[in-house]
Amino acid sequence: MTDIDVPALVAALRSRVDGEIRFGDGDRALYATDASNYREVPLGVVVPRDVDALAEAVRVCAAFDVPITHRGGGTALAGQTTNHAVVIDSSKYCNAFLTIDVDRRLATVEPGITLDELQKRCKPHGLRFGPDPATHNHNSLGGMIGNNSAGPHSVIAGVTSHNVESLDVLTYDGLRLTVGATGEEELARIIAEGGRRGEIYAGLLALRDRTAGEIRRIYPRIPRRVSGFNLDSLLPENGFHLARALVGTEGTCVTVLRATLNLIPDPPAKALLVVGFDEVVHAADRICEIRGFGPDAIEGVDERLAGFMRRKHLHLDDLTLLPEGPSWLFVEFGGDTPEEASAKAHRLADHLRGEAHVTDLKLVTDDGEQTRLWAVRESGLGATAWVPGQQHDTWPGWEDSAVAPENLGAYMRDLLTLFDRYGYHPSIYGHFGDGLIHCRIGFGLHTDAEVRQYRAFMEDAARLVVRHGGTLSGEHGDGQARAELLPIMFGDDLVRSFAAFKAVWDPKNRMNPHKVVHPHRMDQDLRLGPRFHPPHVDSIFAYPDDGGSFVHAALRCVGVGKCRRHEGGTMCPSFRATREEKHSTRGRARLLQEMLQGGPIRDGWRDEVIHDALHLCLGCKGCKADCPVNVDMATYRAEFLHHHYQGRIRPRAAYSMGLIHRWARWLAPVWWAPNLATRTPVFGRLSRAAAGIAPQRPVPAFAPRTFRRSWTPEPGRGRPPVVLWTDSFNNHFTPEPLFAAAEVLEAAGFAVTIPRANLCCGRPYYDFGWLDAARRTLKRTMTGLRRELDAGAYVVGVEPSCLSVFRDELPNLFPDDPEAKRLAKRTMLLAEFLEKVARFDPPRLSGRALVHGHCHHKAVFGMGCDAAQIRKSGLEARILDDGCCGMAGAFGYEADKYEVSRAIFDQGLGATLHAAPPDAMLIADGFSCRQQVEQLTGRRVVTLAEVWRDGLRRRTAHRPANQERAPHAAE
């Protein structure tokens, strides 16, 4: 490749391509890695606004003789989407669902559409796309086509290549054509017509004719052969199907502009039989036998995976649904009715019950429980990455080998022996029904010795799987991780045929070069590796779960990309609003990693690219709980901002809202003055502008009397003490939830007190990086609560953002301080305290309610205790899974963040409320959540404390005069 005139290339792209042309250092850094072991900084990034712009971007790059790499969800595990090339990202705009032909069971889509979006559009017609990998809620169909992806239901659906009808493609040299199955007469006609199209078909026909015998002899006849190219699709018996031949070529041959896909029926009823085994190899031995019962999916999970999940506190509640193990098969059956699906599962259960090595069986028909169990299986990659206590970091590499199902048990035993020989101890799980094993291995890859051992293992593993008639890859492709090993599986002649196939389509080798064909070495371009020597970083947070190292914490992100999903869970709200990689948890983590690499991010803590990416982080902590490797971006953001602004002036909002506790205390005696200043037209506009507050935002009004000045405690009468945390937000602006909480706690049998001094948790300090002030504040708070904690009191509150500080930031700032540990342990939100300590029986209630959990509530405390309390009350309530409300403390008030805040609300909670019955009560404990809802909808919102308080009052009003309250256990 000749030297590239990058400025001229950028100018041409900007003049000819309708899209976002990004060649800055930050964008190049964002796309330097995927979910693999590899890192290659691209030349630049193009985000086309439609497929015509996508095609034009290819043409411009071809005019400059520049290599191209296509990227969708960026979840590739073999290095397919990292390259020193122009990366074209189709995921943001080129993601349309175009047509569906229900009678022919066909759907046409653009490459950037996510699998879940495709499934959502097909479901009303009783159809679905068969392949369904675990990344279904954030991957792209283009990526699935590139990798020839599959998933649990490949038992009935096969891999992606089996489900592609035709492709609309563009070659690097500018030919746009639609390819699919080609009859012999049509093939002859196309070749006779000549031109570039005829040349391609003639070249492929000649390649087929000279390699057909070798293809038939060498290609393994197994369900999951993904390694290599699909040259077998060129065979006459397979219809010279060029679309299926191009599936799995990993962007090395053509650009996919549209795809027409085959759909399969989606059974309306499903039954899941979970079978426990004493050892995972014994589960593998029964696969062919189980396949004979006609299941739709057969997935395996071993005891180490479950152990890793417990160690990482991942899906703990869901793990309780498993029968006795310690290893399991998940066997799903579909049917037109629940009875039909269950009958199929019962037949298998009756067959296996009492059999050797079968420890237990559990039939699950409830949709919710099935979803929870599938979450256990789908968390495999995340659960096996960054496991606490592991000696070495785990990596992909040999994570998806496959054999014939009848050979799975024998292969698994030999593979486990090979692991032992190398001192590796990974978890074994995966698509056992098709003979595929997933694992993530502790290669380390930090030292020369670890890299040499990795290479030796990969070569031995390749020879082993070939001896068992299998494939190097059964799902994730070859990329750079396994392409070097292809001669072991196919021999040199067929590997040369792969190069010939690519050359027919891409004679200049500009489409994703050095992947699959003419590959770089598997131990080249490693993301970390022996060359990685990050600078020493003095951090404020202690990062106790990362050995005290900010570097280790920042490297947690392995690229799973779960933060890029569009619905469900909490993370990542700003990505959902912007669809920008830099505003995903992964994107921000990768920029911090690039900061440690030293290029192209070069300014360390002062870097404006990283600051820009973190600017729209809401600090919601959703990633801390939702991310399978527990990336804690809220903490990393606070750390970065602390260093970024040292010795510098912060934005206005940092002084107005970051110091809210001080302002509120000073202004409380003259509460009318700030209310007047913010609510009159002229002064309101001026005060908002001065404080950096969005002009559209009403400013919360100060209450005439704070809770602390108004509340009088009831006499203790020997009852156990509890400290009601008087957070700044409720105390100064909405005291009613605190009054309600005090009344409920007293009704539960406790003597309620409040902190003697007006203490603060310091929550707003973290949002603006005031970490020195946060430490001082927490020290004062620990001192101020010492006497109450010595007396055995719990600290209970209603505001999740404040209480979460004591459970999360406090131990991270003071990991070795016994006072910090004690306060963290004895801090609870009201519902948790009522459920776990008070054993409170809430008042009986009727009616419907929606419950919106504050992000910190969900991430740090969980909603389990709230759900339990609500269930006991009889209230017909739904706990929402709509993500963040978009306010997030000061975030939604800041002038330059208002539009994003509004978009987050409208996409999630706002849409739900719009469709909700008008008589449904909305419960939200978070102060910022209530403000967002009330400001944007005018709808009244109450806290759980107020609901319980009102219920208790009604119960007391209806109690006969001679009926005394029964003593509570806590008394």
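Strand S13, spanning residues 297-301, is mostly covered, with five of its five residues buried; buried here means under 20% relative accessible area, with a 1.4 Å probe and protein chains only. Strands are DSSP runs of E of at least two residues, numbered from the N terminus. The structure is a predicted model, in which local features need pLDDT of at least 70, side-chain atom pairs count only at pLDDT 80 or more, and totals for chains, interfaces and linings use all residues. Residues are numbered from 1 along each chain as its sequence is written, and side-chain values use heavy atoms, leaving out hydrogens and water.

In a regular strand, side chains alternate between the two faces of the sheet. Both faces of S13 are covered: Ala297, Glu299 and Val301 are buried on one side, and Ile298 and Gly300 are buried on the other.

S13 also has partners to meet. Strands count as paired if DSSP finds at least two bridges between them. With strand S14 (residues 327-335), S13 pairs in the antiparallel sense over five bridges. Two bridges join S13 to strand S17 (residues 429-430), again running antiparallel. Val301 has a bridge partner in each: Trp328 in S14 and Tyr429 in S17.

S1 pairs with strand S2 (residues 44-48) in the antiparallel sense over four bridges, and Arg22 stands opposite Val45 in S2.

Technical notes:
Buried < 20%, exposed > 50% of the residue type's maximum accessible area, 1.4 Å probe, protein only.
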